[in-house]
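User: I want to learn how to read a single side chain in its setting. Can you walk me through one case?

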Amino acid sequence: MTDLHDLLVRRHSIRRYKPEPLKPEEVKLILEAALLAPTSKNTRSWQFIAVDDRSMLERLGQCKPAGAIPVGRCALAVVVAGNPELSDPWVEDASIAAAYMQLQAEDLNIGSCWIQVRGRFTADDIPSEEYVQELLGMPETLPVLCIMTFGYKDEERRPVDTSKLHWEQVHIGSWRPVE
């Protein structure tokens, strides 16, 4: 296990992946991280659909005209959905689970990228959520937040330079506008 701060400094969105599949034990750890994520009132309002079939990944990559290319190129995609009937803050619950998966992936030196689905549209102006739900046979009652892509990195990114963090966006005690 890596130091958490080091992990945060190293993690970047990775959009290019090597063609090899992930090891089953790596997939299990990534999915387990999602299931360990906290939820409002412990409702576990999220649902996850893990996809590694190349044909389905390519079709999922058509969920929006720009920004979804990594889906068709990754080894594993995890569709992250939530149940608003179980939890009003399902978006937050699902977002935390997605972030946990990204951190677990980075700890395994596996690249990841968040592909936004909620509020987006296909090239044919179909809501991306509906497109993904239909493609995967999901019920309409489970809105899709995002698709998380995972794979062995085929690009390298430098760690974040912490001296360039935007500390002016942190306010202590009360709002203090930047002068």
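User: Which residues does E155 touch, not counting residues up to four places away in sequence?

Analyst: A word on the source: this is a predicted model. To read contacts, look for heavy atoms within 4.5 Å. Here, E155 touches I14, R15 and R16.

User: Where does E155 sit in the chain?

Analyst: E155 lies in the segment after β4, and that strand covers 144-152.

User: Is E155 buried or exposed?

Analyst: Buried means under 20% relative accessible area. E155 has 14%, so it counts as buried.

User: Which backbone atoms does the side chain of E155 reach?

Analyst: Look for N or O pairs within 3.5 Å. A polar atom of the E155 side chain lies 2.7 Å from the backbone nitrogen of R15. The backbone nitrogen of R16 is reached at 3.0 Å.

User: Now the whole chain. How many helices and strands does the protein have?

Analyst: There are 6 helices and 4 strands. From the N terminus, the order is α-α-β-α-α-β-α-β-α-β. The radius of gyration is 17 Å, close to the 16 Å from the globule rule for 179 residues, so the protein is as compact as a globular protein of that length.

User: What share of contacts with a separation of 6 or more joins residues 24 or more positions apart?

Analyst: The share is 78%. As for burial, 41% of the 179 residues are buried.

User: And the surface and charges?

Analyst: The protein exposes about 10600 Å², with 52% of it from carbon and sulfur atoms. It has 20 positive and 27 negative charges, and their mean positions are 5 Å apart.

Terms used. Residues numbered from 1 in each chain as written. Predicted model: local features only at pLDDT ≥ 70, side-chain atom pairs only at ≥ 80, totals over all residues. Heavy atoms only, no water. Helix = DSSP H or I, 4+ residues; strand = E, 2+ residues; numbered from the N terminus. Buried < 20%, exposed > 50% of the residue type's maximum accessible area, 1.4 Å probe, protein only. Polar contact = N/O pair within 3.5 Å; in protein donor to acceptor, adjacent residues only side chain to side chain. Rg over C-alpha atoms; globule rule 2.2 N^0.38 Å. Areas by Shrake-Rupley, 256 points an atom, 1.4 Å probe, with all protein chains shown as cover. Lys, Arg positive; Asp, Glu negative; His and termini not counted. Charge placed at Lys NZ, Arg CZ, Asp CG, Glu CD.
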